[in-house]
Amino acid sequence: MSYDNLTLHTDKYQINMMYAHWKNGTDSHQAVFEAFFRKLPFGNGYAVFAGLERIINYINHLQFDEETIRYLQEQEEEYDPAFLEKLRGFRFTGNISAVPEGTIVFANEPLIRVEGKIFEAQLVETALLNFMNFQTLIATKASRIRQVAPEDTLMEFGTRRAQEADAAIWGARAAYIAGFDATSNMRAGMLFGIPSKGTHAHAWVQDHDTEEEAFRHYAAALPNQVTLLVDTYDTLRYGVPNAIKVAKWMEQQGKRMSAIRLDSGDLAYLSKTARTMFDEAGLPYVKIVASNDLDENIIFNLKAQGARIDSWGVGTQLITAADQPSLGGVYKLVAREKAGAFIPVIKISGNPEKVSTPGIKEAYRLISKQTGKAEADCVTLIGETEVLQGKRLKLYDKLHPYLFKYVDNYDAVQLLKPIFQAGKQVYELPELEQIREYHRQQLTQFWPEYLRKLNPEVYLVDLSAKAWQQKMDLIHDYTSAKSE
């Protein structure tokens, strides 16, 4: 069995719709889909787009091999052999545009646009959402943690609690994009060039007769990277004093201990007390690392209590995004081919926030020429030029029309970049370090009020007047037809 072919990393209804299009002769009809999310994760603020590299790799390797064809032959739908023969020659031939990884993004703006044959665009939905939703969620969580610890070292420690191997390595990459400094996952380090960091487990101490002996043996084995876990028995009575003894012993060898790690207990009290003990012992250079189910809320509170922690190992809460373990991104048909032209389509819902915005769209970030800060994002129909001409705009909140602002004297930055054209990759993937730097630059474009953890100001994402009117017209057409 091949684990590398992700072509069937899709929901069965995608294959069934492909089959139905083929049976009805509509498989070559053109369609446009857009991926976005409706609600910001973690209580508003912002999100960080990630997952594009994996999406590109997935698209480049889409192919129904003999193993996947045999599996489809076994399905209860009893697909026509001619359909399966068509799949043997399947290649993605459409266009994909997306925002670059590391971009600050918001709800209800297109993040990925797929244009092509309905047969192809339908297949890729599940995988695109899977990669975008998970990695964007983890990058956002990591960025929030970085916001509360801007000067500290942050290490991703989540592999053993991640939802399987792919989540561990791609989650580590997403965290690195958003500002983490290292990962404990060696495979992620090897694949992506992320610095790898590690200490030792409690088992190392338990496997020795004494804690001091365990510390000495570890320091002797790895004298250039010694971080000692001090809470196996009693942090302040034994762990820290034994670490001080070993640090003094290392100095006699011409070496310096790097840090101790606290993994349980009152981290604020323990870190402050340990800091005092090391300073009084003449060891101010020994850093303090903390772990133990940390997230941005706990780190924020520990800092408010004056914790003396230099480095944070963040695991479960980050890699699982435990307080909101899904992003909720969606992939909606916005236009379809009819009589040789694209017509907009809409999805109506009893929930106003779920009514889709019809038509092929662009998204622009409006950057003030005066301050260099982002003022709002504007979603337009493709081909609109007013925003590019820098004209004064009145922007309305989509759900609350009494909320508005005027924007002028701005530069409009197009968010969606061409990734594939006619099935060929045209986007040059940046290096991971370039993506990290791009994300840091993105953060500087926003006022702190939009980025803060507590009660962030709402950043405006507006529809252009034409896009709004088209949406209203289609809603009217639908409701009028229904009432007849």
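Residues are numbered from 1 along each chain as its sequence is written, and, the model being predicted, local features need pLDDT of at least 70 and side-chain atom pairs count only at pLDDT 80 or more, whereas totals for chains, interfaces and linings use all residues. Side-chain values use heavy atoms, with hydrogens and water left out.

A search of the whole structure finds 26 salt bridges, a salt bridge being a side-chain nitrogen of Lys or Arg within 4 Å of a carboxyl oxygen of Asp or Glu. Among them is the pair formed by Glu 109 and Arg 365, whose closest N and O atoms are 3.9 Å apart. Because Glu 109 lies in the loop between strand E4 (104–105) and strand E5 (112–117) while Arg 365 belongs to strand E14 (residues 361–368), this pair ties together parts that are 256 residues apart in sequence; helices (H or I, at least four residues) and strands (E, at least two) are DSSP runs, numbered from the N terminus. Glu 109 is buried at 1% relative accessibility, and Arg 365 is likewise buried, with a relative accessible area of 2%, where buried means under 20% relative accessible area, exposed over 50%, and partly exposed in between (1.4 Å probe, protein chains only).

The N to O distance between Arg 144 and Glu 296 is 2.8 Å. Arg 144 is buried, with a relative accessible area of 11%, and Glu 296 is buried at 0%.

Arg 146 and Asp 181 also meet in a salt bridge, at 2.8 Å from N to O. Here Arg 146 is in helix H6 and Asp 181 in the loop between helix H7 (165–177) and strand E7 (182–183), 35 residues apart. Arg 146 is buried at 13% relative accessible area, whereas Asp 181 is partly exposed at 27%. Salt bridges that share partners join Lys 141, Arg 144, Glu 296 and Asp 323 into one network.

Tyr 396, Phe 404 and Tyr 406 make a nonpolar surface patch of about 300 Å². Patches are made of residues with over 30% relative accessible area and no salt bridge, like charges being joined within 9 Å and nonpolar side chains (Val, Leu, Ile, Met, Phe, Trp, Tyr) within 5 Å; accessible areas come from the Shrake-Rupley method with a 1.4 Å probe, and for residues only the protein chains shown count as cover. Tyr 406 lies in strand E17 (residues 404–407) and is partly exposed, at 41% relative accessibility.
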